[in-house]
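I opened my notebook to look up a few things in this structure. Here is what I noted, one entry at a time.

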Amino acid sequence: MRDLSRKLCLCILLASLENSSGFLKVFPPVPHNQNSFVTTCTVLRESIASASERAGKDSNVNDKTLSRPQRKALERQRKAKRIHTTTISEQKQSKKRSAQSNYDGQSYSLHSNAVSQLDINSTAENVVRAIKRAQNLHDSHDMAQIARFLLEQTDATFFYGFRGSLLARLAVAALHLNQTRVATAAMQERSQAHADTIAPFESAALVRGLLRVHNVTEAWDIVNAELAVPDIASSELLSDAWTVKDSDVLKHRALSLASIASRHFFEGEPCRAVAACQHLAQLGPLTRNAGMLKNSSEIPWARLIRGAAMCETGRRNGTVVPCDYENGLTPTVPALSLPCNLVHAVLDAMSTFPSENDDRVYEQLSNALVRRVLFVTGAIDMRGCPDADRGEAAFIGRSNVGKSSLVNMVTNRKSLAYTSKRPGKTQQFNFFAVNDKPGLEKEVRYGDQVEGEKDPDSFYIVDLPGFGYARVPEKQRQAWIAFMNEYLSERRTLRVVFHLIDGRIGPTDDDTETMARVGAALKKSSAQYVVVLTKADKNVKNVSKKNSGKVSREVMQKVRDAMNENGIGKAPIIVTSAETKLGRDDIWRYLRQAAEA
């Protein structure tokens with residue numbers, strides 16, 4: 001009876017051990033046959049002893065009585081053992097794949113320790129690692145071996161069609177090492193065998209690589225072939241059926257054109273750079289139609305402005321030749337007239353894209369367009385005006401509307417035009433010379449004769465006295481009105497008139513009278529009339545870069561009604577804020593007319 005009980009308990013124990021997932025890892029399965037009961041007991045004893053030994057080792061490892069150096073030493077031993085086991089396992093698997101493969105192709109040895117060779121069993125990750133290493137270490141041998149492997153031993157189905165991306169990565173790395181032959185072969189194979197799976201970001205990377213080795217022709221070929229968009233006059237652009245891929249192509253085409261323009265600017269080739277900027281400007285309406293966000297294009301405007309300013313400096317001092325149509329420029333770039341300042345070409349492209357209102361970008365823009373600015377004179381009649389030898393841009397509006405603040409914002413100066421809380425501080429027509437000859441301040445202040453000439457993009461900014469709240473006698477007010485009428489109608493170098501209106505309340509009676517006078521005076525002149533709504537930030541509670549200012553619909557409707565009543569309904573309207581710098585790019589678009597006069 002006692003033996004039977006022992007056998008029964010032992011069977012229960014064995015059954016529980018076999019059904020337990022935790023113990024199955026420790027004890028091997030044992031037979032249930034009654035005839036092999038002795039064998040079962042022997043196996044059980046050996047398993048228990050082995051499990052006890054493992055538990056003892058684990059307890060020693062996790063024993064809190066061990067010192068920290070001892071625990072670290074044990075951890076290093078276990079880590080080395082795992083690495084060794086993993087390495088052996090990977091070697092076994094590699095041998096197994098090689099044994100199972102029926103392919104008897106060639107293997108390509110590399111200098112890399114991580115990826116020692118490439119064959120048909122290599123993965124795409126191994127190829128990418130080998131390309132990165134060869135590029136970083138300038139290993140020409142490995143680069144040639146990788147090219148031979150991809151071009152000779154693989155086909156379009158390699159690693160689920162990932163071969164096209166690997167060829168693009170290889171071409172970029174080869175261009176980085178100036179191996180144009182390898183890059184050309186990889187790009188040709190990619191365009192022929194993988195034309196349907198070309199990714200736009202890969203094409204943009206190839207354009208940048210080609211520009212690095214001064215291969216502009218092939219860069220343009222990739223832009224036109226792989227990053228092509230519908231023509232700007234096509235009816236397809238009027239629809240909203242833009243897919244994610246279309247937007248991606250549009251984005252990387254813009255980035256590629258920006259890279260081409262930047263390269264030409266820094267290389268001192270203004271005609272090609274301006275042509276690239278013109279192509280870039282055509283993409284602006286497409287980005288708006290595609291619903292792209294303000295920062296989705298990621299165009300490096302600051303770099304473009306810096307390159308254009310550098311090229312413009314070289315053009316002024318004679319180190320940069322404007323255009324050279326004898327060296328094959330005519331077939332690719334038609335005859336074009338360069339702007340008075342090359343930065344205007346970048347500004348034209350910026351104006352077509354959604355405005356980012358980036359302070360860093362517009363600070364560079366203002367510094368490039370306004371290199372020098374100086375107050376030269378104040379006039380109370382036409383005889384006090386300076387010589388009409390350059391274009392002029394006039395700012396008019398009632399008192400306390402923000403004329404001086406707007407002038408300071410556009411020129412990126414803090415105290416060029418004096419600002420005051422008391423209305424009517426400006427008592428005369430103030431003329432500010434922009435980009436005049438260096439040293440003009442000595443000539444204005446002390447009467448010294450300064451040699452030199454003004455820059456081609458020099459012009460005058462004219463700050464007119466304000467009406468409305470100005471506390472001046474009626475006689476002086478009437479003198480201002482007479483002077484303004486005479487100035488607007490007879491000043492032949494006047495190119496643009498900015499009429500400032502408070503964006504919080506809309507046009508007042510004084511503003512309406514000014515509109516009537518300006519509309520009547522400009523009929524005899526060719527100047528552009530522009531309505532500027534100021535202080536737009538006051539209409540927003542939480543001002544930020546994304547919410548820098550706005551004007552209510554009621555105010556906008558009042559402005560349009562007043563313009564239509566005074567016969568200037570087609571004049572453009574700009575919303576600005578001197579606090580958030582809103583609208584400065586639009587102001588500069590019209591100031592260009594004065595600079596190019």
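Predicted model: local features only at pLDDT ≥ 70, side-chain atom pairs only at ≥ 80, totals over all residues.

Entry 1: Strand β4, residues 391-397, runs parallel to strand β6, residues 459-463, and the two share 5 bridges.

**Entry 2: how covered is β4?** I wanted to know how many residues of β4 are buried. I found 7 of its 7 residues buried, so I wrote "mostly covered", counting a residue as buried under 20% relative accessible area. I recalled that side chains in a regular strand alternate between the two faces of the sheet. Next I checked both sides of β4: G391, A393, F395 and G397 are buried on one, and E392, A394 and I396 are buried on the other.

**Entry 3: two helices.** I moved on to helix α13, residues 301-317, and helix α14, residues 343-352. Their axes come within 8 Å and cross at roughly 155°. That angle makes α13 roughly antiparallel to α14, because angles over 145 degrees count as such.

Which residues of α13 and α14 make the contact? From α13 I listed W301, L304, I305, A308 and A309, and from α14 V343, V346, A349 and M350. I sorted the residues of this contact by kind and got 9 nonpolar, no polar and no charged.

Technical notes
Residues numbered from 1 in each chain as written. Heavy atoms only, no water. Axes fitted to C-alpha atoms, helices over the stretch in contact; angles between N-to-C directions. Helix = DSSP H or I, 4+ residues; strand = E, 2+ residues; numbered from the N terminus. Parallel < 35°, antiparallel > 145°, perpendicular 65-115°, else oblique. Contact = heavy atoms within 4.5 Å. Nonpolar A, V, L, I, M, F, W, Y, C, P; charged D, E, K, R; others polar. Buried < 20%, exposed > 50% of the residue type's maximum accessible area, 1.4 Å probe, protein only. Pairing = 2+ DSSP bridges.
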